[in-house]
Amino acid sequence: MTSFPPTGILLFTIVNASFIVFLGSSSGSKLKGPELSIKGAQHIIRAGQTLNLTCRGEMVHSWSLPEAPSKESTRLKVIQYACGRNGRQFCSSLTLSRAQANDTGYYSCKYASSAVKKKTESTVYIFINDTGSPFVELHSNIPKIIHMTDGGEMIIPCRVTAPDIAVTLKKVS
């Protein structure tokens, strides 16, 4: 059985398809904001590997993930636990097994309260490098054929599974 810090109760719940939330109370520690175990703006793993991310914070935090790894997926596991000195911080470990190209995207840990006056979110872009699938599949609500009017601006969705893949847009007459 997991023991929790004496400063509050830690509960686990799943909220809609976008967030995994931990409910509890502040622990009074001195973190500047939630901290991820992976430092830097991006990280690369190969397809088929396991992604392990840990978030450590002084209060309630939630995970925001790309659309692909469903919260109901057996490949995704999130475990919460007390951590830090005297167990007064809130930690959670996210494990995504058998990573796939479509799992590429932003993984964020953020405080649930917007009343915090410090950094409230830590984010890392995870590339799942798959040489057999160099592009992240488009969401079904984005058309495969894009029509444009002269003089208009548009963003063409083209996400890759590795940062070193060069993509060139060509106009076909």
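1. Fold content. The protein chain has 0 helices and 10 strands. Helices here are DSSP runs of H or I with at least four residues, strands are runs of E with at least two, and numbering starts from the N terminus. Along the sequence the order reads β-β-β-β-β-β-β-β-β-β.

2. Basis. This is a predicted model, in which local features need pLDDT of at least 70 and side-chain atom pairs count only at pLDDT 80 or more, while totals for chains, interfaces and linings use all residues. Residues are numbered from 1 along each chain as its sequence is written, and side-chain values use heavy atoms, with hydrogens and water left out.

3. Burial and surface. The protein chain has 173 residues, and 36% of them count as buried. Buried means under 20% relative accessible area, exposed means over 50%, and partly exposed lies in between (1.4 Å probe, protein chains only). The accessible surface of the protein chain is about 10,900 Å². Carbon and sulfur atoms account for 53% of that surface. Areas come from the Shrake-Rupley method with a 1.4 Å probe; for residues, only the protein chains shown count as cover.

4. Contacts. Take the contacts in the protein chain between residues at least 6 apart in sequence: 67% of them join residues at least 24 apart. A contact means heavy atoms within 4.5 Å.

5. Disulfide count and pattern. The structure holds 2 disulfides. A disulfide is a pair of cysteine sulfur atoms within 2.5 Å. With bonded cysteines counted along the chain, the pattern is 1-4, 2-3.

6. Cys-55 and Cys-109. These two form a disulfide, with sulfur atoms 1.7 Å apart. The pair links distant parts of the chain: Cys-55 sits in strand β5 (residues 51–57) and Cys-109 in strand β9 (residues 105–111), 54 residues apart. The link is left-handed, with -65° about the S-S bond. Both Cys-55 and Cys-109 are buried.

7. Cys-83 and Cys-91. A disulfide joins Cys-83 and Cys-91, their sulfur atoms 1.8 Å apart. The torsion about this S-S bond is about 70°, so the disulfide is right-handed. Cys-83 counts as buried because its relative accessibility is 11%. Cys-91 also counts as buried, at 4% relative accessibility.

8. Cys-158. Is Cys-158 buried or partly exposed? Cys-158 is partly exposed, because its relative accessible area is 39%.
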